[in-house]
Amino acid sequence: MSFFLALLIKHAFIDLAVQAYLKDIDKKSYFSNAHIHYLQHGTATLVVAIFFLPYDLALLCGLIDYIAHWHIDFGKHRINTAFNIKTRSKSWWWTNAIDAALHFLTYYIIVQIAF
């Protein structure tokens, strides 16, 4: 399995399955309990990366994912709030599509940095 594919699968599990166990996460605030979710991404990226890279580079990949995930999610939620975008509206789907594309771009960049 390629590193990139492993990161995409990791993202699906953390964003869709694991995140379901978190309650009252505030992604609209820059410093909040949402860092639990961002740390889950960074840690899972570290774990995946260990199978493909030296430990120091794997740690860097986890840190990059943590920081990127924080800012992408924060930005999306701030935009949805600022423009009063309602859940499941057409605009909401667009912000979610952009969010997903930015996360995938993050993984592409991580792979480019790592190799």
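Leucine 53 is in contact with Phe3, Ala58, Cys61, Ala114 and Phe115, leaving aside residues up to four places away in sequence. The model is a predicted one. Leu53 also belongs to the largest nonpolar core, which has 13 residues; Leu53 is among the members that touch the most others, together with Phe3, Leu7, Ala49, Cys61 and Ile110. Two or more residues of this core come from each of α1 (3-17), α2 (35-50), α3 (55-82) and α4 (90-114). Helix α4 gives the largest share, four residues. Apart from this core there is a second one of five residues, including Ala34, Tyr66, Trp70 and Phe74.

The aromatic rings come next. Eight aromatic pairs are found in the whole structure. One of them joins phenylalanine 3 and phenylalanine 52 in a tilted arrangement, 5.2 Å centre to centre with 35° between the planes. Phenylalanine 3 sits in helix α1 and phenylalanine 52 in the loop between α2 and α3, 49 residues apart, so the pair links distant parts of the chain. Phenylalanine 3 is buried because its relative accessible area, 4%, is under 20%. Phenylalanine 52, at 31%, is partly exposed.

Tyrosine 30 and phenylalanine 74 form another pair: the ring centres are 5.2 Å apart and the planes stand at 80°, so this pair is edge-to-face. Because tyrosine 30 lies in the loop between α1 and α2 and phenylalanine 74 in helix α3, the pair ties together parts 44 residues apart in sequence. Tyrosine 30 is partly exposed at 31% relative accessible area, while phenylalanine 74 is buried at 17%. Both rings belong to a cluster in which ring pairs link Tyr30, Phe31, Tyr66, Trp70 and Phe74.

Notes
Residues are numbered from 1 along each chain as its sequence is written. This is a predicted model: local features need pLDDT of at least 70, side-chain atom pairs count only at pLDDT 80 or more; totals for chains, interfaces and linings use all residues. Side-chain values use heavy atoms; hydrogens and water are left out. A nonpolar core is a set of buried Ala, Val, Leu, Ile, Met, Phe, Trp, Tyr and Cys residues joined through side-chain atoms within 4.5 Å. Buried means under 20% relative accessible area, exposed over 50%, partly exposed in between (1.4 Å probe, protein chains only). Contact means heavy atoms within 4.5 Å. Rings of Phe, Tyr and Trp (its six-membered ring) pair if their centres lie within 6.5 Å; planes under 30 degrees apart count as stacked, over 60 as edge-to-face and the rest as tilted.
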